[in-house]
Amino acid sequence: MLNPDLHLNTQLFEVDCAKAPTRDGFGVGLEYLGEHNDDVVVLSADLSESTRCDGFMKKFPERYIECGVSEQNMALVAAGLGVCGKIPFISSYAVFSPGRNWEVLRTTTVYNNLPVKIAGHHAGIVTGPDGPTHQATEDIASVRSWPGMTVLVPCDALQAEKATIASADINSPVYLRFSREKTPIITTQETPFEIGKAYAYWVSEKPQVLIASSGHMVYQALAAARILEKENISSTVLSLATIKPLDKKTIIAHAKTAKAIVSVEDHQIEGGLGGALAELFSKEYPIRMGYVGLKNTFAESASGTDLLRQYGLDALAIACEVKRVLDL
Amino acid sequence: MEVDSAFLQEKGQIIRGHIIEMLAEAGSGHTAGSLGMADIFAVLYFHVLRHNPQNPFWEDRDRFVLSNGHICPVQYAALAESGYFSVEELKTLRKISSRLQGHPHRTALPGLETSSGPLGEGLGQAAGIALAGRMDKKSYRVYCVTSDGEHQEGSTWESVLFAAKYRISNLVNIIDYNNIQISGFVNDVMPLMSLREKYEAFGWQVIETSGHDVPEILQAFEFSKNIIDTPTCIIAHTIPGKGVSFMEGKYEWHGKAPNTEEAKQALVELNCSSI
């Protein structure tokens with residue numbers, strides 16, 4: 001069942017459950033920061049509307065910097081602002097930032113541990129009809145190995161807002177990953193959120209499997225837990241908004257109550273959440289693992305829903321993977 | 001202010017001596033570009049920049065950004081001569097636990113505003129620093145040194161566009177136009193054609209100067225201070241390897257350090273004490 005202690009959205013599995021894209025939460029978070037933190041500046045590379053910087057832009061034009069279609073320069077200007085005490089948020093599609101400007105970010109922001117926040121939008125195959133050129137599915141892998149990074153993948157628009165606001169307090173680089181599609185609102189304002197913490201959104205008395213998920217896939221993981229419950233397979237679903245640094249203590253404590261782990265993400269398995277968890281468990285607590293995510297392939301153009309089904313990322317696919325690792 | 005050109009010229013020569021000594025000691029590094037920019041760095045650190053070696057993080061200091069970080073020996077020498085650290089420390093270049101990284105690292109050494117080495121990344125950061133100054137109503141100026149070769153990087157031109165759009169007039173880009181890069185002459189590897197016309201077309205003010213005639217360099221910087229509504233580009237025509245006969249104009253010395261024999265000969269030519 002949904003963890004009753006975390007004030008999750010009880011309407012989650014209803015047909016008319018509220019939905020919003022996580023990018024919306026980013027936009028709301030930016031406006032909050034604009035009002036409460038004079039050091040926050042926002043830079044966009046000609047994508048202010050679709051990356052939801054437009055609200056900040058209208059309210060705080062003197063702290064909004066339009067960079068044009070120049071993701072490398074956007075990262076450079078942000079680094080320059082960062083060394084002068086500003087808290088720059090740079091916003092683009094994740095394939096371009098931190099994709100195209102990866103080395104610029106590495107040399108200028110990450111090597112210098114500057115408080116630049118990299119907002120990567122249109123992440124995952126759920127981006128849909130624009131096709132694989134615009135579906136970032138390697139971005140977590142590309143930033144996760146950077147020393148000192150914080151990597152955040154919020155599960156819904158509300159958590160995206162909280163993550164955006166909390167990221168400004170971290171005096172080092174942060175990667176924030178957002179998706180384009182409307183996905184169910186899983187949490188409420190009262191749901192706890194802290195960077196670096198994992199939360200069990202679905203709990204069972206004697207869980208057979210631990211499903212660890214991040215981003216909008218937390219919904220698919222919860223839907224899978226519900227399917228499995230009907231088949232008398234009990235599970236825990238961990239919501240991992242922070243992929244780096246991992247909340248090792250919580251994750252391992254939950255793993256110890258289960259027979260196997262399944263990672264669930266809208267990203268390539270290699271180097272993503274699945275990779276991160278495999279690194280953790282192989283060292284700290286060897287346990288059988290299964291993986292749901294993109295398996296060494298690009299997707300294609302289609303609706304997000306069709307793509308999740310086609311590429312084995314929906315709730316049914318998760319339930320199948322759980323049964324596989326449990327030898328059921 | 002009374003300017004002692006002879007003093008600045010001499011400082012340039014002292015910096016060249018340090019460059020040869022530190023590179024010979026390190027056994028690797030970039031000699032030609034470092035020597036070619038010694039006079040400009042002498043003018044910057046001993047006349048143009050408002051800075052305080054005893055207070056490197058003074059918030060009203062002018063900012064200096066080295067974009068082509070591989071010529072850092074010239075900056076390290078200028079910093080040491082200015083009093084940021086002892087000239088003895090120059091000998092630690094590229095060695096274990098040194099603050100003098102092979103390419104400059106901002107958090108390793110006071111006096112550095114950025115980390116650099118990967119090309120095409122200084123100008124955009126300098127623009128960001130200049131914009132922050134404008135936002136904070138500071139009067140500091142930002143001086144950036146770029147190489148001619150790094151104008152082959154697309155990111156450089158992104159930054160040129162950006163600085164023009166925002167009329168970042170407290171920004172000066174000094175281009176080290178020495179016509180060499182690692183694998184040959186710039187005009188052979190990838191010709192840049194007229195940088196002056198390019199910068200002017202992008203909306204910058206352009207000044208051209210010799211990179212070695214101190215009074216002319218001083219005049220260029222003085223002129224740049226009067227430009228109040230666009231960024232300024234100073235194209236400095238430099239001779240790579242300047243001051244050492246067997247290095248001058250030779251691209252082969254772009255990424256090579258002198259051996260002991262070559263260093264001795266170079267120091268004799270530079271009238272510096274031998275190592």
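Author: Gladly! This is a predicted model, and the secondary structure of chain A comes to 12 helices and 14 strands.

Reader: How many of the residues in chain A are buried?

Author: Buried residues make up 58% of the 328 in chain A. To be counted, a residue needs 20 or more other C-beta atoms within 10 Å of its own.

Reader: What share of the contacts in chain A join residues at least 24 apart?

Author: Taking contacts between residues at least 6 apart in sequence, 79% join residues at least 24 apart.

Reader: On to the sheet of seven strands: what is its order, and which strands are its edges?

Author: The order in chain A is β3-β2-β4-β5-β7-β6-β12, in an open sheet with mixed pairing. Its edge strands are β3 (64-66) and β12 (242-244), as each of them pairs on one side only. On average, neighbouring strands of this sheet are turned by 20° against each other, direction ignored.

Reader: How do you know that β5 and β7 of chain A pair?

Author: Two strands pair if at least two bridges are found between them. Strand β5 (residues 117-121) and strand β7 (residues 174-177) of chain A have four bridges, in the parallel sense, so they count as paired. One example is A:K117, whose bridge partner in β7(A) is A:V174. Helix α7 (residues 157-167) of chain A packs on the sheet, where it touches β5, β6 (150-152) and β7. The direction of helix α7 makes about 165° with that of β7(A).

Reader: Which domains does chain A have, and how many residues bring them into contact?

Author: The domain assignment gives domain 1 (4-16 + 192-325) and domain 2 (19-184) of chain A. Their C-alpha centres lie 24 Å apart, and 33 residues of domain 1 are in contact with 32 residues of domain 2. On the side of domain 1 that touches domain 2, the elements giving two or more residues are α8 (217-230), β12, β13 (260-268), α10 (273-284) and α11 (304-310) of chain A. By class, that side of domain 1 has 16 nonpolar, 13 polar and four charged residues.

Methods
Residues numbered from 1 in each chain as written. Chains lettered and ligands numbered in written order. Predicted model: local features only at pLDDT ≥ 70, side-chain atom pairs only at ≥ 80, totals over all residues. Buried ≥ 20, exposed ≤ 12 C-beta atoms within 10 Å, placed from the backbone. Contact = placed C-beta atoms within 7 Å. Axes fitted to C-alpha atoms, helices over the stretch in contact; angles between N-to-C directions. Domains from an automatic or database assignment. Nonpolar A, V, L, I, M, F, W, Y, C, P; charged D, E, K, R; others polar.
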